[in-house]
Amino acid sequence: MSDFAFIHNMDTCLGCNACQVACKDRNNLESGQFFRHVMIVTVKGKQKFASFSCGHCKNPACMDSCPNGCYHKEEDGTVIHDDSKCIGCGKCVWACPYGEVSLDKKLGIARKCDGCLDRRQQGLEPACVGACLNNSLNWTEAKIRFPKSELKDRIGDVLPDPNVTNTRFRVHLTEEG
């Protein structure tokens, strides 16, 4: 079983939001609903852009909290939500420490990033990755470029402790910040 994850290079990200728009379009999301969002973060006194989405955690809090078993993991580690089982209770929304599960008010169910699983099954990359103008966002085998504990040290003011759910989201950032 390969372990895949989103890897975001904060050194090369332009903050253009193309990944966010591509995801929103691909998933027909309502105004104000996002599966991927770009934000400005301050790292070691410097402003950087960060593109966040579901971390497809090794120990997903959304999965653990769901009373209907709406979540499962694919072989590559992608955490998938089964809309047909969802009753819209919101427990997964509250449980995700990263705020990456949202309630779709129109559909009355929880929704989240699935890494464009259907596209990947066709040999295509996720829509957000394909839209990235500077190749700063990738979906690739999760080869850790630095110890997981350093993720909090690098962007800890933005993310809760990554060790809580063992998120597989990674950022690449030079030591200079």
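Author: On a 1 Å grid over the protein atoms alone, a pocket is an open set of points where a 1.4 Å probe fits, with protein on both sides within 12 Å along at least five of seven lines; lining residues have an atom within 4 Å of a point. This is a predicted model: local features need pLDDT of at least 70, side-chain atom pairs count only at pLDDT 80 or more, and totals for chains, interfaces and linings use all residues. Residues are numbered from 1 along each chain as its sequence is written, and side-chain values use heavy atoms, with hydrogens and water left out.

Reader: Which residues line the largest pocket?

Author: Glu30, Ser31, Gly32, Gln33, Phe34, Ser102, Leu103, Asp104, Lys105 and Lys106. The volume of this pocket is about 160 Å³, taken as the space filled by probe spheres set on the points, which are joined across faces, edges and corners.

Reader: What makes up the lining by class?

Author: Two residues are nonpolar, four polar and four charged. Asp, Glu, Lys and Arg count as charged; Ala, Val, Leu, Ile, Met, Phe, Trp, Tyr, Cys and Pro as nonpolar; the others, Gly among them, as polar.

Reader: Why is Ser102 called buried?

Author: Its relative accessibility is 18%. Buried means under 20% relative accessible area, exposed over 50%, partly exposed in between (1.4 Å probe, protein chains only). So Ser102 counts as buried. Ser102 sits in strand E6, residues 101-104. Strands (E, at least two residues) and helices (H or I, at least four) are DSSP runs, numbered from the N terminus.

Reader: What makes the link from Ser102 to Gln33 a polar contact?

Author: The side chains meet at 3.3 Å. A polar contact is a pair of N or O atoms within 3.5 Å; within protein, one must be able to donate a hydrogen and the other to accept it, and residues adjacent in sequence count only if both atoms are side-chain atoms. The pair passes.

Reader: What does the side chain of Gln20 reach?

Author: The backbone nitrogen of Val38, at 2.8 Å. Gln20 belongs to helix H1. At 15% relative accessible area, Gln20 is therefore buried.

Reader: What do the buried residues of H1 pack against?

Author: Strand E2 (36-43), strand E3 (46-53), helix H5 (127-131) and E8. The buried set in H1 (residues 18-26) is Ala18, Cys19, Gln20, Ala22, Cys23 and Lys24.

Reader: Why is Asp114 called partly exposed?

Author: Its relative accessible area is 27%, so Asp114 is partly exposed. Asp114 lies in the loop between strand E7 (109-112) and helix H4 (117-121).

Reader: How do you know that Asp114 touches His56?

Author: Contact means heavy atoms within 4.5 Å. Not counting residues up to four places away in sequence, Asp114 touches His56, Thr78, Ile80 and Arg120. Asp114 and His56 are 58 residues apart along the chain, yet their C-alpha atoms are separated by 8.3 Å.

Reader: Where is Thr140?

Author: In strand E8, residues 137-141. At 29% relative accessibility, Thr140 therefore counts as partly exposed. Thr140 and Phe4 are 136 residues apart in sequence but 5.3 Å apart in space, C-alpha to C-alpha.
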